[in-house]
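Thanks, everyone. Let me put the model on the screen, and then we can walk through the sheet, the helices and the aromatic pairs.

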Amino acid sequence: MADKARGTKISSETPMGPTGRPYQGFPTPPKLDSHGPARIIALCNQKGGVGKTTTTINLAASLAQYGRRVLAVDFDPQGALSAGLGIPTHDIPTIYDLLLDTKRDPHEVIVPTSVEGLDVIPANIDLSAAEVHLVNEVARETILARVLRKVSGEYDVILIDCQPSLGLLTVNALTASHGVLIPLECEFFALRGVALLIETIDKVRDRLNPSITLDGVLATMYDPRTLHSREVLERVVEAFGDDVLETVIGRTVKFPDASVSGVPITKFAPEHAAAQAYLRLARELVARGAVA
Ligand SMILES: Nc1ncnc2c1ncn2[C@@H]1O[C@H](COP(=O)(O)OP(=O)(O)OP(=O)(O)O)[C@@H](O)[C@H]1O
Ligand SMILES: [Mg+2]
């Protein structure tokens with residue numbers, strides 16, 4: 001996309017961002033007059049601990065802060081997204097119940113969060129049985145799509161926090177989504193396995209969801225002080241070019257702290273650089289057209 005279209009003027013004095021492109025602030029997203037239908041985005045990487053859940057929580061909260069109606073779907077039996085948003089997952093209906101009975105009304109399962117405009121479909125360990133239960137279903141890859149279709153008119157964006165695997169649940173998430181966001185941790189093995197992930201996305205595009213797009217690759221846990229982090233980011237940019245989002249999430253202990261307190265970092269420490277980074281990510285995704 002042309003720099004002009006992103007609304008920030010680039011001059012020769014504009015400093016370089018960490019991805020080697022001129023640093024841009026991205027404009028504040030315009031207010032929406034009406035809501036929906038949602039653009040659905042899966043946060044996906046079969047590698048564990050790369051920042052999928054942290055990104056889902058904080059991107060969702062940032063978009064809500066900009067007046068978007070957001071639904072975050074916990075699609076991992078670990079239930080980390082639900083816990084990170086302060087939702088107790090014991091003895092409540094979850095995404096698992098919606099997958100098993102697609103006639104069930106998702107509104108019975110959706111819970112509001114302490115962030116205005118942000119709702120959640122929670123998950124808990126029950127979801128670990130889903131792959132086994134769904135394997136013999138007709139159109140088993142499209143079950144989540146059918147569930148989300150019922151509520152997508154009420155939201156501007158739906159974010160799906162995938163589990164670290166490329167199994168049937170993740171294929172369901174990719175089949176239900178318009179776009180996919182790949183968080184990559186800035187460490188040595190970051191790119192290992194990404195080829196397989198891209199292959200999976202390509203297969204889903206071929207067979208189940210022809211219009212799915214790669215919305216971006218997000219570098220997380222970046223430490224500008226280490227040569228290692230900078231080199232990994234350079235390699236990620238070499239591999240993915242402009243698909244690498246200009247916003248990069250720095251490494252900071254504020255994230256584990258915020259998770260423990262059950263609120264997004266944008267609420268826990270709104271002035272912290274990490275909160276500002278997720279707000280900027282939200283603005284960048286709106287500027288790129290990935291979100292309304
Ligand atoms: N930018 C960051 N800086 C420091 N720690 C972070 C950052 N982002 C996430 N973390 C921490 O790293 C751990 C893994 O993050 P997260 O749970 O978001 O990854 P994930 O990809 O969802 O993991 P999983 O594959 O297990 O679902 C968490 O303890 C989280 O608090
Ligand atoms: Mg996770």
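Start with strand β1, residues 39-43, which pairs with β5 in the parallel sense over five bridges. Two strands pair here if DSSP finds at least two bridges between them. Ile41 stands opposite Leu159 in β5. For Ala42, the bridge partner in β5 is Ile160.

Quick housekeeping. This is a predicted model: local features need pLDDT of at least 70, side-chain atom pairs count only at pLDDT 80 or more, and totals for chains, interfaces and linings use all residues. Residues are numbered from 1 along each chain as its sequence is written, chains are lettered from A and ligands numbered from 1 in the order in which they are written, and side-chain values use heavy atoms, with hydrogens and water left out. Helices (H or I, at least four residues) and strands (E, at least two) are DSSP runs, numbered from the N terminus.

Back to β5. Strand β2, residues 70-75, also runs parallel to β5, and six bridges join them. There, Phe75 stands opposite Cys162.

Now the whole sheet. It is open, with seven strands in the order β3-β4-β2-β5-β1-β6-β7, and the pairing is mixed. β3 (111-112) and β7 (213-220) are the edges; each has a single partner strand, so one side of each lacks a neighbour in the sheet. Helix α6 packs on this sheet and touches β1, β2, β5 and β6 (179-185). Contact means heavy atoms within 4.5 Å. The direction of α6 makes about 160° with that of β5. Axes are lines fitted to C-alpha atoms, for helices over the stretch in contact, and angles run from 0 to 180 degrees between N-to-C directions.

How buried is β5? Six of the six residues in 157-162 are buried, so the strand is largely enclosed by the rest of the structure. Buried means under 20% relative accessible area, exposed over 50%, partly exposed in between, with a 1.4 Å probe and protein chains only. In a regular strand, side chains alternate between the two faces of the sheet. In β5, Val157, Leu159 and Asp161 point one way, while Ile158, Ile160 and Cys162 point the other. Helix α6, residues 168-176, is mostly covered too: nine of its nine residues are buried. Among them are Asn172, Thr170 and Thr175.

Next, a helix pair. The axes of α1 (residues 52-65) and α11 (residues 273-287) come within 8 Å and cross at roughly 70°. That makes α1 roughly perpendicular to α11, a label for angles of 65 to 115 degrees. The α1 side includes Leu59 and Leu63, and the α11 side includes Tyr278 and Leu285. By class, the contact has eight nonpolar residues, five polar and no charged.

Last, the aromatics. There are two pairs, with ring centres within 6.5 Å; planes under 30 degrees apart count as stacked, over 60 as edge-to-face and the rest as tilted. Phe188 and Phe189 are edge-to-face, 5.2 Å centre to centre, with 75° between the planes. Phe188 is exposed at 52% relative accessible area, and Phe189 is partly exposed at 37%. Phe255 and Tyr278 are also edge-to-face, at 5.7 Å and 90°. That pair links distant parts of the chain, 23 residues apart: Phe255 in α9 (residues 254-261) and Tyr278 in α11. Both Phe255 and Tyr278 are buried.

Notes
Parallel < 35°, antiparallel > 145°, perpendicular 65-115°, else oblique. Nonpolar A, V, L, I, M, F, W, Y, C, P; charged D, E, K, R; others polar. Phe/Tyr/Trp six-rings, centres within 6.5 Å; stacked < 30°, edge-to-face > 60°.
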